[in-house]
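Subject: Structure for you to look at

Hello,

Here is the structure I said I would pass on. Please open it first, then read the notes below alongside it.

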Amino acid sequence: MRAAFQILPVILLTLTACGSKGIEGVQTFTYPAGDHRSGSLVYAENPPAGGAHNPTWQNCGVYTQPLYSEYAVHSLEHGAVWITYRPDLDAAQVTALKTLVDGRPYTLLSPYDGLPSPVVASAWGAQLKVDKADDSRLKAFLDKYEQGPTAPERGAACSGGYGGTR
């Protein structure tokens, strides 16, 4: 009986580890919500994954031109996922990204200059960098973070805001 009690913590630890559904490569960050500021802002991540932002949010949707980070970050606060890609990403991969976000009301898709990898998915407090648009982790990231638990204002509008580009 004593041996059973000694092995129990090992079993529980194993079950806990197997039950966690982390997405390999996701980086996480902590930012307070509601920090509204005007003007151009500097962010710790590229592209940003939270922080101070414009009082107006970016309308969710697919864009062919880069967005202002200050508006897009406000959309992240509302539960959107922003998928950015290098402007020189080949057309077939951009089409794959458009297909990935099609029908998802809380997503932004846009090119972004100076990305650290060809495609980057960002949510409030989380980010995933991938090399290809068909990386299965992108869908997993969308499933977890679009209107996900890290969004401080989950469910707030993702339309009726700013619809312009840089």
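Start with T28, whose bridge partner in β6 is A126. Note that the model is predicted. In all, 2 bridges join β1 to β6, and these two strands run antiparallel.

They belong to an open sheet of 6 strands, with mixed pairing, in the order β1-β6-β5-β3-β4-β2. Which strands stand at the edges? They are β1 (27–28) and β2 (61–62). Each has a single partner strand, so one side of each has no neighbour in the sheet.

Two helices come next. α3 packs on the sheet and touches β2, β3, β4 (107–111) and β5. The direction of α3 makes about 175 degrees with that of β3. α4 lies across β1, β3, β4, β5 and β6, and runs at about 170 degrees to β6.

Now the nonpolar cores. In soluble globular proteins, nonpolar side chains tend to be buried together. The largest nonpolar core here has 21 residues. Those with the most contacts inside this core are V81, I83, Y85, L97, V119, L138 and F141. Two or more residues come from each of β3 (81–85), α3 (91–101), β5 (119–123), β6 (126–130) and α4 (136–145). Another core, of 18 residues, lies apart from it and includes L67, V73, W82 and C158.

What is F141 in contact with, leaving aside its neighbours within four places in sequence? The contacts are I23, V26, V81, A121, S122, A123, A126, Q127, L128 and E146. A126 is also the bridge partner of T28.

Regards

Methods. Residues are numbered from 1 along each chain as its sequence is written. This is a predicted model: local features need pLDDT of at least 70, side-chain atom pairs count only at pLDDT 80 or more; totals for chains, interfaces and linings use all residues. Side-chain values use heavy atoms; hydrogens and water are left out. A nonpolar core is a set of buried Ala, Val, Leu, Ile, Met, Phe, Trp, Tyr and Cys residues joined through side-chain atoms within 4.5 Å. Buried means under 20% relative accessible area, exposed over 50%, partly exposed in between (1.4 Å probe, protein chains only). Helices (H or I, at least four residues) and strands (E, at least two) are DSSP runs, numbered from the N terminus. Contact means heavy atoms within 4.5 Å. Two strands pair if DSSP finds at least two bridges between them. Axes are lines fitted to C-alpha atoms, for helices over the stretch in contact, and angles run from 0 to 180 degrees between N-to-C directions.
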